[in-house]
Amino acid sequence: VTGRLILRFPGTPAVSRVWVERGALAELGAFTRAVTRARTAVVVSDSRVARWYAGRALRSLRRAGLRAALLRVPAGERSKRPELLAALWNRLAALKLTRADALVALGGGVVGDLAGFAAATYLRGIPWVGVPTTVIAQVDSSIGGKTAVDLPAGKNLAGAFHQPAGVLVDPDTLGTLPARHRRAGLAEVAKMGMAVDSRLFAWTESHAGSLAAGDRASLAEAVARALRVKARVVQGDEHERPGGLRSALNYGHTTAHAIEAACGYRGPLHGEAVAIGMRVAGALSVETAGLPEAARARQEALLDALGLPARMPSTPLPRLLEALGRDKKRGPGSGARWVLTTRVGHASVPRLISGRLVRSALLRAGAEA
Ligand SMILES: NC(=O)c1ccc[n+]([C@@H]2O[C@H](COP(=O)([O-])OP(=O)(O)OC[C@H]3O[C@@H](n4cnc5c(N)ncnc54)[C@H](O)[C@@H]3O)[C@@H](O)[C@H]2O)c1
Ligand SMILES: [Zn+2]
């Protein structure tokens, strides 16, 4: 399942070339040359990822004849903010980067979203190459062209769609990722299975033990499989039309975003919040969308086997409900919209759910009355 794929987006000239292969990082230079015409590549990374992988990335770029520079931001979500975006613009200008050059985002979703947005906006858009190094980034955020920074009012509130020219995925970089981040990322794999692909779900079920333990071959296969599913979904719905296929990938995310906001983004990791959100959405799906109880039980068992939390840290219900009311994806003038599942691998269009059912499901997931 590892290998190459080409993503095309109907109605746009955008093309993303994706290469998934263990050890591929050593070929970053040749890959960047092949997918862009860059003579200079500026690598954006965070301090932690740079310590592990920047040297290898820069060497490979230079070996391929590119001029290469490294820009580092501090590790962590706090780097996804407008101030750091402006700092990147100024550094790119100082390096005299042109539209014929490229940016390389080396790191997790934070670096990808920030550097991708810098690439979308500097000179009204320059090519960029994603080199995702977390499970979340490899299976989810690096594919599909969503880029953003956070604002004090909320996450991802300023951003753009800007497809990367290439995405180079080396699953072996996951070997240095802390186990907690690895497991959190696997929640997105389970989500994709539950929401849009029953085969991915079944495969993940049968490999949950080795995935949770960090077995490299299993992780590489999970990444390649999930990434293909994400690629299929975003190609059919590049800009997330209301009710389009891409919105199915928000399964579990209504609650997840509310938990993250209610905890001031210092609570559970995103993937952990997604796991709790999937359990809430699973319960609501049984109650209102005809999901068989046995399917919900399979989802519970998979999340348990991946070592993902069953309940949220104690969070006051009113704060969660307030955060739900502010969800970016709510419909005009109405409450939060819920993506539910009707069976494993099949999500329904987002819909409104009665407040009473939502409150009761959140209480069962650990919210405090
Ligand atoms: N654009 C999208 O479609 C999309 C989708 C999902 C999530 N996101 C965004 O992604 C972000 C979360 O991404 P994330 O979970 O990758 O977080 P992250 O980028 O902060 O990475 C998590 C931590 O792991 C470290 N790290 C990364 N790779 C490593 C490696 N190989 N070895 C050791 N340490 C490593 C990082 O330094 C960081 O401390 C959020 O901001 C979220 O909004 C975007
Ligand atoms: Zn997510």
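1. Contact, as used below, means heavy atoms within 4.5 Å. The model is a predicted one. With that cut-off, helix α2 (residues 47–63) lies across β3 (40–46), β4 and β5 (102–107). The direction of α2 is at about 165 degrees to that of β3. Helix α3 (residues 82–94) also packs on the sheet and touches β3, β4 and β5. The angle between α3 and β4 is about 160 degrees.

2. The sheet itself is open and has seven strands, in the order β1-β2-β9-β6-β5-β3-β4, with mixed pairing. Its edges are β1 (3–8) and β4 (67–73). Each of these has a single partner strand, so one side of each is left without a neighbour in the sheet. On average, neighbouring strands are turned by 15 degrees against each other, direction ignored.

3. Within this order, β6 (residues 128–132) and β9 (residues 166–169) pair in the parallel sense, over two bridges. Opposite G130 stands V167 in β9. As background, the strands of a sheet pair through backbone hydrogen bonds, either parallel or antiparallel.

4. How do the axes of α10 and α11 cross? The axes of α10 and helix α11 (residues 293–305) come within 9 Å and cross at roughly 170 degrees. Angles over 145 degrees count as roughly antiparallel, and α10 is therefore roughly antiparallel to α11. On the α10 side the contact is made by A275, M278, R279, G282, A283 and V286. On the α11 side it is made by E293, R296, Q299, E300, L303 and D304. By class, this contact of α10 with α11 has five nonpolar, two polar and five charged residues.

5. Which residues coordinate the zinc ion (ligand 2)? The donors are E188 through OE, H253 through NE2 and H270 through NE2, at 1.9 to 2.1 Å. Along the chain, the donors follow the spacing E-x64-H-x16-H. H253 lies in helix α9 (residues 253–262) and H270 in helix α10 (residues 270–288), so the two histidines tie together parts that are 17 residues apart in sequence.

6. Are the two histidines classed as buried or exposed? H253 has 7% relative accessibility; because buried means under 20%, H253 counts as buried. H270, at 22% relative accessibility, counts as partly exposed.

Methods: Residues numbered from 1 in each chain as written. Chains lettered and ligands numbered in written order. Predicted model: local features only at pLDDT ≥ 70, side-chain atom pairs only at ≥ 80, totals over all residues. Heavy atoms only, no water. Donors = N, O, S within 2.8 Å, 3.2 Å for Na, K, Ca; no water. Helix = DSSP H or I, 4+ residues; strand = E, 2+ residues; numbered from the N terminus. Buried < 20%, exposed > 50% of the residue type's maximum accessible area, 1.4 Å probe, protein only. Pairing = 2+ DSSP bridges. Axes fitted to C-alpha atoms, helices over the stretch in contact; angles between N-to-C directions. Parallel < 35°, antiparallel > 145°, perpendicular 65-115°, else oblique. Nonpolar A, V, L, I, M, F, W, Y, C, P; charged D, E, K, R; others polar.
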